[in-house]
Amino acid sequence: MYTSNKILEFDKIIDRLITYASCSLGKEAISEIKILNDIDVIRILLNETDEALRLIYRYGELPLGGITDIRPFVKRAKIGGVLAISDLIQITDFIYGVYQMKVYIEKVESEKIKCECISSNVKKLASLNSLRKSIDSCIDIHGNIVDDATVKLKDIRNQIKVMEARIKDKMNHILNTKRDSLTDSIITIRNDRFVVPVKVEYKNIFEGIIHDTSQSGNTVYIEPKSVVDMNNKVNTLIHDELAEIEKILRHLTEQVVIDSNELLENSEIIKKLDLIFAKAKYGHSIDAVKPHINDKGVIKILKGRHPLISKDDVIANDIYLGEDFTTIVITGPNTGGKTVTLKTVGLFTLMMQAGLLIPANNQSELAVFDNIFADIGDEQSIEQSLSTFSSHMKNIINIVDNISLNSLVLFDELGAGTDPKEGAALATSILDYFHERGSRIIATTHYSELKTYAYNSQKVINASVEFDIETLKPTYKLLIGIPGRSNALDISRRLGLNVKIINNAKDRIETEKTDVANLIIQLENHGLYLDNLITENEELKVKLTKEKLDYEKLSEDITIKKEKLLNQAKLDAVDIVKNAKKEVESVINEIKELKKTKLADFKDHEIIDIKSKLNTSKYYQEEKIESSNYKDLKPGDIVKVLTLNRTGELIEKVNDTEWLVQIGILTSRVNEKSLMYVKNKNYNDKPTKKTQTIVSVKNKRTLMELDLRGERYEEALIKLDKFIDSAMLSNYHQVSIIHGHGTGALRKGVQSYLQKCSYVKGFRFGGEGEGGVGVTVVTFN
């Protein structure tokens, strides 16, 4: 893969990224970053970075403090070397860092936060707590071997303390008895031996071994003869202590070797995690987002900001390429932002293909390219004695030799540095060459001939950077579809150049070019007018969306209240019927009692008639229907599917919770909780007027296409919803939805609806003769 990293200043992005690494492992990983062209791998890298960014926003950074590169120590241990105390301390700090990371992820997962990428990596880390405990039990926080590391070491150190105490007692006795021969009443150490400072004139009288002399020559440091044997004993014990410490360090080193593979694997995982979080922290610093990506050469940068320009100075721009046009020719004044636009597109693409987030709107989309070429800058090659033109041409020749079908090509001042006519002709030919090979191209130029080329060529569009004549400053705003124009005369007038000179210059300009300039002015004004309309439309859209949400919430509240009132009314009705039934039963019982006592002359069949009338009353029937909703369902029952608000017949029970339901001509699997019993299939009930109306609607033939052109967004989606239902009931396999081209908002809304619709198997743009991208063809399950 060929990429113009340095030309597009990707190396500066890497330099900034390194400052966000927490340890040397992360810095190493950043220095190894590669530009990839495997879209699946890139998608994984972007998801990892985006996930880390979300964790930073909520929980802060992954705790990587104290982590160092322990790989050299582990490798030295594996080849038989003995690790020093400082090496072992770094290893135990490394293991503690792993523990801290696991605690971090446990906290995240305890709050049910989704972080699969980061969590899976942290869970791969080996804890190695036993190794950490072994090292900590032998080495204290100050880096010293503790007395209790082994029994032998403790015994040796106790003996040393005893001997040193005896030596000090003996030396103190000498200080007190021979004070006149000493320069100072202190005990000091020379050559690891206890000595006293003796005046030089007493050196032959004072019994002992001379170990040193002061710089002045007035003092000699003598080890008294009475403590020589004890000093010898202490030195022997110190030698034994060092030997025991060596054994302890070797033992700990052997334990490191046992866990060496896990330590090295942990190092690689932490190296990756530090890289991911460094990317996320850098993304946080530039307000970056994860872009959508594709392999179709489509670029849609919304509110993109060049990452190397200060937030206070950078101008956000929208840049489109790859759908309606594959080549952009940008014209406009110098220092107007043309080159920044080129670098923004190139740099965004490189960042995305390295797994970095981009500073833009979260709906932005970038394409994955096999090669990214850039010819930017007008530096002359002094070493090769190349002119500006030759330098550019050498780069272009290199691009021609390496071009592939899926390439992004960026030209700055194409054809510059030579005769304007020849330069323009060459530039046109170069653009044609790359355009025919399917490349995505953005080129800046001053040649007016290229404006005409863009107008007359398919898939090629003009663009310019806006210039404010009033302030004589560029606005750095990119205007796609509008060519740039020369502002030389206007600028000269504003700066105060003599009017006669300006008018004379105007007369010398060809009429045709003047007309083109006037046309460009009209296009600019029209573009600004459209920008204002779009802004107003966006504001209106936000307002309507808010009102729609408020309406939906209100409608939901009303529905809930309605259901509550209906349920309460049913309960009240059941209570009334129950109470009425109790009263009638009471009356019947009284009549029976009267009959027994012969105080009334009632027949049995009259009592039965009274009870029969009660059972067939509409109130009692309502109670039976209410309770039947909760009865066991069986095949052949007529039920209401609550989620669809439609009636159907039960075919068979698929599993413990789902039934197969025949709804008109459709057969669907429905959860039992979404079914309400209505009646048995053989229930003798006359069809109501409402049922007949439904049948007549189903029997109507649904048209196989829906024309939404000219419809408002919300009304169009309502019609689309009804149309899909009708098409399903008519058992259509495929239908067409006409939404036109326009701004693309309606098309996106239709396709967003279709993606969420469970009936839809798939959809595509219309082919030749079907309406192209103005039509979406839908197929059903």
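This tour moves through the structure stop by stop, naming what to select and what is found there.

The model is predicted, so that local features require pLDDT of at least 70 and side-chain atom pairs count only at pLDDT 80 or more, while totals for chains, interfaces and linings use all residues. Residues are numbered from 1 along each chain as its sequence is written, and side-chain values use heavy atoms, with hydrogens and water left out.

**The largest core**

Begin with Phe10, Ile91, Met101 and Leu263, the residues with the most contacts inside the largest nonpolar core, which has 101 residues. A nonpolar core here is a set of buried Ala, Val, Leu, Ile, Met, Phe, Trp, Tyr and Cys residues joined through side-chain atoms within 4.5 Å, where buried means under 20% relative accessible area, exposed over 50%, and partly exposed in between (1.4 Å probe, protein chains only). Helix H10 (residues 260–285) gives the most to this core, with 10 residues; helices (H or I, at least four residues) and strands (E, at least two) are DSSP runs numbered from the N terminus. Keep isoleucine 91 selected and, leaving aside neighbours within four places in sequence, display its contacts (heavy atoms within 4.5 Å), which are Ile70, Phe73, Leu83, Leu131, Ile135, Val256 and Leu263. Another core, of 20 residues, lies apart from the largest one and includes Ala427, Leu431, Phe434 and Leu450.

**The six-stranded sheet**

Next select the open sheet whose six strands follow the order S10-S11-S12-S8-S13-S14 with mixed pairing; two strands pair if DSSP finds at least two bridges between them. Its edges are strand S10 (371–375) and strand S14 (473–480), each of which pairs on one side only. S11 and strand S12 (residues 440–445) run parallel and are joined by four bridges, and phenylalanine 411 has alanine 443 in S12 as its bridge partner. Angles run from 0 to 180 degrees between N-to-C directions, and axes are lines fitted to C-alpha atoms, for helices over the stretch in contact. Helix H14 (residues 448–456) lies across S8, S12 and S13, at about 135° to S13.

**Two residues with positive phi**

Asparagine 191, in the loop between strand S1 (188–190) and strand S2 (193–199), has a phi near 55°, a positive value in a residue other than glycine. Glutamate 413, in the loop between strand S11 (407–411) and helix H13 (420–436), also has a positive phi, of about 55°. Which is buried and which is exposed? Asparagine 191 is exposed, with a relative accessible area of 56%, whereas glutamate 413 is buried, at 18%.

Finally, select the open sheet of four strands in the order S20-S21-S23-S22, with mixed pairing. Strand S20 (705–707) and strand S22 (760–765) stand at the edges with a single partner strand each, so one side of each has no neighbour in the sheet. Strand S21 (residues 734–738) and strand S23 (residues 775–780) run antiparallel and are joined by five bridges, with valine 735 opposite valine 778 in S23. H21 packs on the sheet, touching S20, S21 and S23, and H22 also packs on the sheet, touching S21, S22 and S23. Helix H21 (residues 713–729) and helix H22 (residues 745–756) pack at an angle of about 35°, with their axes 10 Å apart. Among the residues that make this contact are Leu717 and Leu720 of H21 and Val750 and Leu754 of H22.
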